[in-house]
Amino acid sequence: TRTPVNVTVTGAAGQIGYALLFRIASGHLLGADVPVKLRLLEIPQGLKAAAGTAMELDDCAFPLLSGIEITDDPNVAFDGANVALLVGARPRTKGMERGDLLAANGGIFKPQGKAINDHAADDIKVLVVGNPANTNALIARSAAPDVPAERFTAMTRLDHNRAISQLAAKTGSAVSDIKRLTIWGNHSATQYPDIFHAEIAGKNAAETVNDEVWLADTFIPTVAKRGAAIIEARGASSAASAANAAIDHVHTWVNGTAAGDWTSMGIPSDGSYGVPEGLISSFPVTTKDGAYEIVQGLEINDFSRARIDASVKELAEERDAVRELGLI
Ligand code: NAX
């Protein structure tokens with residue numbers, strides 16, 4: 001039998017945590033033959049609810065779940081961690097300025113990055129879900145100089161999946177027919193879902209749609225503002241779809257992209273496509289054997305260039321702000 005993989009989830013008592021943990025334990029994160037050990041990190045006020053979720057996990061009698069540990073100490077939570085899902089974050093509350101938000105999250109992601117640096121397993125893979133995800137990932141990465149930078153990633157897979165779904169609906173095609181879609185930039189309202197290289201059943205998606213007005217005025221804002229639309233409809237923010245995207249992100253990273261397809265991940269830039277090195281920005285990537293590579297050589301037209309640049313500019317501003325706060 002295989003040695004269990006240690007999976008650490010922060011914000012485990014939150015709504016994404018509740019939608020995420022059962023799928024990790026049932027084998028959807030890593031594979032149906034991979035046993036997992038869960039470590040749940042919460043703040044003290046969240047420990048009791050996390051213990052309740054752990055009781056329910058026990059009650060599922062998942063054959064692959066070989067243990068659950070609950071703690072409020074990052075040094076314990078990340079000890080020997082192979083996969084870390086950083087979900088817990090400080091949400092923006094009324095009247096909070098961007099600087100306050102970044103500072104509050106720095107107080108979370110800097111110590112967590114340090115704990116990962118000092119205690120995680122050599123093969124640690126980190127996914128930051130908690131917002132502002134890209135910049136929180138940058139803060140954690142900066143606090144972990146001994147971990148290869150490429151192990152710190154931010155989630156844009158929910159945006160990627162949302163874009164596929166919108167494109168399928170517009171063209172009357174099956175989601176499984178859509179390939180090579182890309183989310184560029186920040187997981188924020190400036191993100192750019194790019195269909196110019198996407199394919200629908202083997203045909204170019206932009207040519208199939210052939211409607212730049214729909215692209216600019218409907219598709220892009222619908223994908224970028226979907227989170228707000230969910231809150232409006234559901235009275236709570238996306239949870240199951242966010243958890244599903246986190247599962248997809250890690251599963252693809254570990255198990256590989258399909259031949260002829262790629263996915264979107266927020267990753268430290270190597271300077272590709274004019275994105276300043278070090279910024280954690282979303283790119284088209286292929287994955288294989290637990291590593292990812294940026295898809296190279298895509299032609300970027302003026303429509304795309306302007307939108308990628310705008311989102312990357314926002315990321316650079318966030319980086320400058322956290323640098324000024326001494327968080328990186
Ligand atoms: P909840 O407020 O339901 O849960 C967050 C949990 O994190 C709480 O239980 C809280 O006690 C815990 N927490 C706070 N600080 C912590 C710390 N220092 N260590 C450990 N745990 C801590 O939020 P939920 O709806 O689960 O969302 C979590 C995060 O995901 C938010 O930041 C949210 O903005 C972000 N999202 C990111 C998405 C993405 O695509 N990247 C989409 C969904 C979601 O909006």
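Tutor: A residue is near a molecule if one of its heavy atoms lies within 4 Å of it. This model is predicted, so local features need pLDDT of at least 70 and side-chain atom pairs pLDDT 80 or more, while totals for chains, interfaces and linings use all residues. Residues are numbered from 1 along each chain as its sequence is written, and side-chain values use heavy atoms, with hydrogens and water left out.

Student: How many residues surround the ligand, and which are the closest?

Tutor: The ligand is surrounded by 22 residues, and the closest are Gln15, Ile16, Glu42, Val129 and Asn131. By class, the shell holds eleven nonpolar, ten polar and one charged residue. Here Ala, Val, Leu, Ile, Met, Phe, Trp, Tyr, Cys and Pro count as nonpolar, Asp, Glu, Lys and Arg as charged, and the others, Gly among them, as polar.

Student: Which elements give two or more residues to the shell around the ligand?

Tutor: Helices are DSSP runs of H or I with at least four residues, and strands are runs of E with at least two, numbered from the N terminus. The elements in question are helix H1 (15–25) and helix H4 (98–119).

Student: Where is Pro132, and what kind of peptide bond joins it to Asn131?

Tutor: Most residues other than glycine have a negative phi, and most peptide bonds are trans. The bond between Asn131 and Pro132 is cis, with omega about -5°. Pro132 belongs to the loop between strand E5 (125–128) and helix H5 (133–142).

Student: What is the phi of Ala61?

Tutor: Ala61 has a positive phi of about 50°, although it is not a glycine. Ala61 is placed in the loop between helix H2 (47–59) and strand E3 (65–71).
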